[in-house]
Amino acid sequence: MKGVGDRYRQIRNTIRFLLGVSKGWSSEKEATWFQMEPYDQWVLQTMVEREEVWKKCIKRQDLHTLAEQLDRWVIELSSGYLDRIKDRLYSEAEESERRLAAQTVCVHLLQRLLISFSPILPFTTEEAWQGWTENPHIALSVHLATMPHPPSEWVNDPERVISAPIFEMAKHGRKALEGAKEKGSILRPLEAALSIYVTEEKLPDFERCTVSLPEVFGVSQVGVFPLEEWREEAAPFAPPDADWALSVALSEKGKCPRCWMRTSYGEDELCERCHTVVKSID
Ligand SMILES: [Zn+2]
């Protein structure tokens, strides 16, 4: 039974986190699809894709599979996207486009997760629905709410904004970061600069979502290089028979004391972003 309790706590904590993030939200702050970053877009596309599977579970009254699937999605979200956007949520200026994009996604996630979970967790979801003052849905109860129809961009994008090979590479990245931590070359992933070497064929996949790569990999910087041109440099970091290589180094950039990212120095030893944010508060 301990497992069930842990799973419940994880779901409740995720709902609580999303409720916290949606504080101060109003529909005028809604980021458009084009203001979102690839990682934001990927989450929305993936969620809508999974909802199709969940709907089928509900239709055949298979609440066991539904619970398992939802559970898996919550674990994936909380150790992935929701963890990685914390920098944007807590360090960006409150009304910045980057922060509002992440907040917009969280509002949609919360609404859709509460509706999806309502057959399994009727009281928890109703309590959250009633306590959510910024909820843009008109239904007075989660049990009366219908799932909003997703905008066409969430379903009709022919090319995935972040393709599966990038998440595969992120797994290799996590292993390499663990190795670097064990060796003592870095203390935490945010200190790392990753260099990824991929074939010409895979390069466009990575280039399409350059801006999201540090979040997907959970580091401060990610550089992507064509393997063919950089074969010599990549050789020490290429596993046998692999058509990729990945190296971890301590970033040469200074550590910002406010956000702990290693990107660039602004004034006051803060990174440029934090310098601007702090100045605007003064
Ligand atoms: Zn900073």
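**View 1. Separation of domain 1 and domain 2.** In this predicted model, the C-alpha centres of domain 1 and domain 2 lie 29 Å apart. The chain is divided into domain 1 (2-160) and domain 2 (164-250), with bounds from an automatic or database domain assignment. Five residues of domain 1 are in contact with seven of domain 2 (contact: C-beta atoms, placed from the backbone, within 7 Å). On the side of domain 1 that touches domain 2 are three nonpolar, no polar and two charged residues (nonpolar: Ala, Val, Leu, Ile, Met, Phe, Trp, Tyr, Cys and Pro; charged: Asp, Glu, Lys and Arg; polar: the others, Gly among them). Residues are numbered from 1 along each chain as its sequence is written. Because the model is predicted, local features need pLDDT of at least 70 and side-chain atom pairs count only at pLDDT 80 or more, while totals for chains, interfaces and linings use all residues.

**View 2. Packing of helices H2 and H6.** Helix H2 (residues 38-59) packs against H6 at an angle of about 10 degrees, and the axes are 10 Å apart (axes: lines fitted to C-alpha atoms over the stretch in contact; angles: 0 to 180 degrees between N-to-C directions; helices: DSSP runs of H or I, at least four residues, numbered from the N terminus). H2 and H6 are therefore roughly parallel (angles under 35 degrees). H2 contributes Asp-40, Val-43, Leu-44, Met-47, Glu-51 and Trp-54 to the contact, and the H6 residues include Ala-101, Val-105 and Arg-112. The contact comprises eight nonpolar, two polar and three charged residues.

**View 3. Surroundings of Leu-114.** Leu-114 touches Thr-125, Ala-128, Trp-129 and Val-142, leaving aside residues up to four places away in sequence.

Methods:
Contact = placed C-beta atoms within 7 Å. Helix = DSSP H or I, 4+ residues; strand = E, 2+ residues; numbered from the N terminus. Parallel < 35°, antiparallel > 145°, perpendicular 65-115°, else oblique.
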